[in-house]
Amino acid sequence: MNPLTSSSPILVVGASGLLGSFVVKHLKNSPLLTPSHAQLDITQRQQVFAFMAAHQPRLIINCAAYTDVRASEHTTHLAMAVNAVAVQTLAEVSAQHKARLIHISTDYVFAGQKTTPYTENDTPNPQTVYGMSKWQGEQAMTHSLKPELGVILRTSWLCSPQQGLLVALFSQLKNAPELCLEDRITSSPTWVHSLAQVIAILAIQPHLHGVFHVSARGAVTPYQLAQELQTQALEKGLLVTQKILRTGYKDTLVRPAYSSLCGQKLEKKLGWQQEPWQQVVTKFLASQQPHL
Ligand SMILES: NC(=O)c1ccc[n+]([C@@H]2O[C@H](COP(=O)([O-])OP(=O)(O)OC[C@H]3O[C@@H](n4cnc5c(N)ncnc54)[C@H](OP(=O)(O)O)[C@@H]3O)[C@@H](O)[C@H]2O)c1
């Protein structure tokens, strides 16, 4: 079988995760392989090579990761195994089969000392174990795969109707009498459908390769995000009482102070319009409307 024909399948790794499950929805008209973690553990090198030999996908979309940022500080070996070593394996197997690899990375590869959005030309300098493991994964991919076969998408604060920061904030707005929120970290939310749509477009544009940043436009703190969420939710009747929002929440984990991503490269190369971050809130609340 020619691995580059459009009838050969696309392999989605991490298909059960927050992002992976939406990528599967957006690619539902393509032949897909969506093995579970148990069926394909990407830290098992031989398993990965055997799976590729058996199924010959033309494209691998790697949505699998060890994403527990806090736990990573203590379980370094797990973060490195999934986010770095396994990405090297996926890059090597892609190279062997001349398959494309779309890999997902994070704003946490950056140190967070800038005050304007990070571009693809900024140099990563991660400050967390998770960020370091993801940066090592990116480097492994760059070293092991011809540039024209690889796409790295860095994203931030993934939000879906069921998971992510907006779910946590909305639950607090509904249930807590008042909220104490983080205002010392600034980034951008990303609506999971928007990222999955970008991935679906890239899947059919084999000439596009390299590193791209994908998030909503505009930098915001969790405190500001909660303010906007509350305002829109009250307007839409999804909240009945206004809660007091305070700043001053102190996380024990040191995160990048500023990690908003600049999406201009993707806008230029893909014609993709970055949505303003307030629109992510609007889309999230639309997904929370009770079904009539
Ligand atoms: N969530 C965010 O806010 C955020 C922000 C920036 C970047 N990202 C990046 O976006 C990508 C997707 O994140 P996500 O939030 O969708 O992750 P997630 O919900 O934690 O899902 C991770 C997926 O990876 C699978 N997995 C873990 N270890 C594996 C292994 N060894 N072999 C095969 N599959 C394995 C998990 O399967 P099981 O559950 O069965 O173990 C799960 O399906 C990741 O690269 C992440 O670093 C996420």
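**View 1. Shell residues around the ligand, by class.** The shell of this predicted model divides into twelve nonpolar, ten polar and two charged residues. Nonpolar means Ala, Val, Leu, Ile, Met, Phe, Trp, Tyr, Cys and Pro; charged means Asp, Glu, Lys and Arg; the others, Gly among them, count as polar. In total, 24 residues surround the ligand, the closest being S16, H37, T67, Y130 and K134 (near: a heavy atom within 4 Å).

View 2. A polar side-chain atom of S16 sits 2.7 Å from a ligand oxygen (polar contact: N or O atoms within 3.5 Å). L19 uses a backbone N or O atom, at 2.8 Å from an oxygen atom of the ligand. For K134, a side-chain N or O atom lies 2.7 Å from a ligand oxygen. The protein buries 79% of the 910 Å² that the ligand exposes when taken alone (Shrake-Rupley, 1.4 Å probe). Helix 1 (18-26), strand 4 (100-106) and helix 5 (129-144) each give two or more residues to the shell. Strand 4 gives the most, with three. Helices (H or I, at least four residues) and strands (E, at least two) are DSSP runs, numbered from the N terminus.

View 3. Six strands run parallel in the order 2-1-3-4-5-9 (pairing: at least two DSSP bridges). Strand 2 (32-33) and strand 9 (210-214) are at the edges with a single partner strand each, so one side of each has no neighbour in the sheet. Two bridges join strand 1 (residues 10-13) to strand 2. I10 stands opposite L32.

Residues are numbered from 1 along each chain as its sequence is written. Local features need pLDDT of at least 70 and side-chain atom pairs 80 or more, while totals for chains, interfaces and linings use all residues; side-chain values use heavy atoms, without hydrogens and water.

How values were computed. A polar contact is a pair of N or O atoms within 3.5 Å; within protein, one must be able to donate a hydrogen and the other to accept it, and residues adjacent in sequence count only if both atoms are side-chain atoms.
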